[in-house]
Amino acid sequence: MVTGMIEVIGLTRRFRRHAAVDDLSFTVTPGKITGFLGPNGAGKTMTMRIILGLDRPTSGRATVNGVPYRTLDRPLTHVGALLDASAMQGGRRGEQHLWWLARSNGISRTRIGGLLELVGLAGAGRTRMGGFSLGMKQRLGLAAALLGDPEVLLLDEPLNGLDPEGIRWMRGLLKSLAAEGRTVLVSSHLMHEMAVTADHLIVIGRGRLLADTEITRFVRPGMSLEDTFMQVIERNAP
Ligand SMILES: Nc1ncnc2c1ncn2[C@@H]1O[C@H](COP(=O)(O)OP(=O)(O)OP(=O)(O)O)[C@@H](O)[C@H]1O
């Protein structure tokens, strides 16, 4: 088993009759950026929540490094996640948020200053998070995800709220994290950005796997990623 591998095996999550995730299987491997694409409600967040042990599947399983997330020893040192950047306690300062996370996970606080600098928040660490813009929250969320120096990153819509400079910055950072050999799974609706960022794609629709392939193989000749994606989704429409 390769370290940093995410495996989703026959995963299904039902809500009454509705399958949010429907017999989904894929593997995410290290050293590249894997784009996780699908229309609204396709099941991307639910899949990530199950990988992170935040929701339980109806059937099937998801593992990181061959084991369920819940059984990982000091999980933040293996998996960093950014799910909902706005879900932060507004009264707390950015720096405090990272201190608290480090302390409650047995992680040294020495990385905090460098991480705030890395995400462009060196001057805002003492600002209360209630005063953060969405872009600042995404940056702080990314710092939190990197706190334990994990080999795996799960990022749900990390580009939301970022300005053009922020998007470009995030692209560079994700590429360098993948180049370091980390596993980077990132969901986004921004097709133009995914086209220049992702190496591999997992595309889902209505909870089912529609494609699991290198981006260069997915995009049809003479078409953009967006056009190819729309064709694949339309073909899967009910
Ligand atoms: N607690 C819940 N109760 C009922 N249905 C739910 C619940 N949580 C999620 N769902 C359903 O699961 C499906 C998948 O939702 P999910 O948020 O994973 O999609 P998504 O691909 O992340 O969408 P988006 O791009 O809009 O964020 C949706 O149909 C959603 O309504």
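1. Some terms first. Helices (H or I, at least four residues) and strands (E, at least two) are DSSP runs, numbered from the N terminus. Two residues are in contact if their C-beta atoms, placed from the backbone, lie within 7 Å. Axes are lines fitted to C-alpha atoms, for helices over the stretch in contact, and angles run from 0 to 180 degrees between N-to-C directions.

2. This is a predicted model: local features need pLDDT of at least 70, side-chain atom pairs count only at pLDDT 80 or more, and totals for chains, interfaces and linings use all residues. Residue numbers start from 1 along each chain as its sequence is written.

3. Look at the sheet of 6 strands. It is open, with mixed pairing and the order S5-S6-S7-S3-S8-S9. Two strands pair if DSSP finds at least two bridges between them. Strand S5 (79-82) and strand S9 (208-214) are at the edges; each has a single partner strand, so one side of each lacks a neighbour in the sheet. On average, neighbouring strands here are turned by 15° against each other, direction ignored.

4. Now take one pair from that order. Strand S3 (residues 32-37) and strand S8 (residues 200-205) run parallel, joined by 4 bridges. Gly 35 has Leu 201 in S8 as its bridge partner. Helix H8 (residues 225-235) lies across S3, S8 and S9. Its direction is at about 35° to S8.

5. An open sheet of 3 strands has antiparallel pairing and the order S2-S1-S4. Its edge strands are strand S2 (18-28) and strand S4 (59-64), and each pairs on one side only. Neighbouring strands are turned by 20° against each other on average, direction ignored.

6. In this sheet, strand S1 (residues 6-15) runs antiparallel to S2, with 7 bridges between them. Leu 11 stands opposite Leu 24 in S2. Helix H1 (residues 44-51) packs on the sheet and touches S1, S2 and S4. The direction of H1 makes about 115° with that of S1.

7. Last, a helix pair. Helix H2 (residues 94-104) and helix H4 (residues 134-146) pack at about 20°, their axes 10 Å apart. That makes H2 roughly parallel to H4 (angles under 35 degrees count as roughly parallel). Gly 94, His 97, Leu 98 and Leu 101 of H2 make the contact with Leu 140, Ala 143 and Ala 144 of H4. These residues divide into 5 nonpolar, 2 polar and no charged. Ala, Val, Leu, Ile, Met, Phe, Trp, Tyr, Cys and Pro count as nonpolar, Asp, Glu, Lys and Arg as charged, and the others, Gly among them, as polar.

Terms used
Angles under 35 degrees count as roughly parallel, over 145 as roughly antiparallel, 65 to 115 as roughly perpendicular and the rest as oblique.
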